[in-house]
Amino acid sequence: MSSYVENEAGAGFDFDIKEVFDEVAKGILDSEGCPYETQVNLLITDNAGIREYNRQYRQIDAPTDVLSFPMIPFERESDFGVVEKAQADYFDPESGELILGDIIISADKVTEQADAFGHSPKREFAFLCAHSLLHLCGYDHMQQDKAAVMERKQEEVLQHLSITREEM
């Protein structure tokens, strides 16, 4: 897996952003049975930056914690067979990796939500990464039953990685 991480906010955490992101991405992709080497882009911004992206792409004029931009039009969650039909559209011609999409996370929201939920910024960041990676695999949470599936999957991967709410 290749990840490209840009920290335009200059956010400083007491953990390595790329290391945690890669660990969570591998956990999600393994749990979803992704059969390909993959590529994901992660942008770390601040509340002003994510507010602008949210306004531009979702017509919502407010900051949010995370935005996901999947590249694959999944018919069913984590059914990677859809990419076989149009490989030129989904694979990087230079690396041969499956391009999953882009993720934008607000560093400000990571800190705010970690404080609000009483856990570490690392736990909040890992949660947002897991959540967004599931979106890149075709999951959504618009219906209560689908939201429950996402929540369970996120928690299972974070537990497996020992990134728990108790970890401070």
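**Exercises on side-chain contacts**

Arg76 forms a salt bridge with Asp79, the closest N and O atoms being 3.5 Å apart. The model is a predicted one, in which local features need pLDDT of at least 70 and side-chain atom pairs count only at pLDDT 80 or more, while totals for chains, interfaces and linings use all residues. Residues are numbered from 1 along each chain as its sequence is written, and side-chain values use heavy atoms, with hydrogens and water left out.

**Exercise 1.** State why the contact of Arg76 with Asp79 qualifies as a salt bridge, and classify the accessibility of both residues.

*Solution.* Step 1: A salt bridge requires a side-chain nitrogen of Lys or Arg within 4 Å of a carboxyl oxygen of Asp or Glu. Because the closest N and O atoms of Arg76 and Asp79 are 3.5 Å apart, the pair qualifies. Step 2: Buried means under 20% relative accessible area, exposed over 50%, and partly exposed in between (1.4 Å probe, protein chains only). Arg76, at 56%, is therefore exposed, whereas Asp79, at 24%, is partly exposed.

**Exercise 2.** Classify the ring pair of Tyr36 and Phe91, and locate both residues.

*Solution.* Step 1: Rings of Phe, Tyr and Trp (its six-membered ring) pair if their centres lie within 6.5 Å; planes under 30 degrees apart count as stacked, over 60 as edge-to-face and the rest as tilted. By this rule there are 5 aromatic pairs. Step 2: For Tyr36 and Phe91 the centres are 5.1 Å apart and the planes form an angle of 75°, an edge-to-face pair. Step 3: Tyr36 lies in the loop between α1 (17-31) and β2 (38-45), and Phe91 in the loop between α3 (87-90) and β4 (98-106), so the pair ties together parts that are 55 residues apart in sequence. Step 4: Tyr36 is partly exposed at 23% relative accessibility, whereas Phe91 is buried at 14%.

Conventions. Helices (H or I, at least four residues) and strands (E, at least two) are DSSP runs, numbered from the N terminus.
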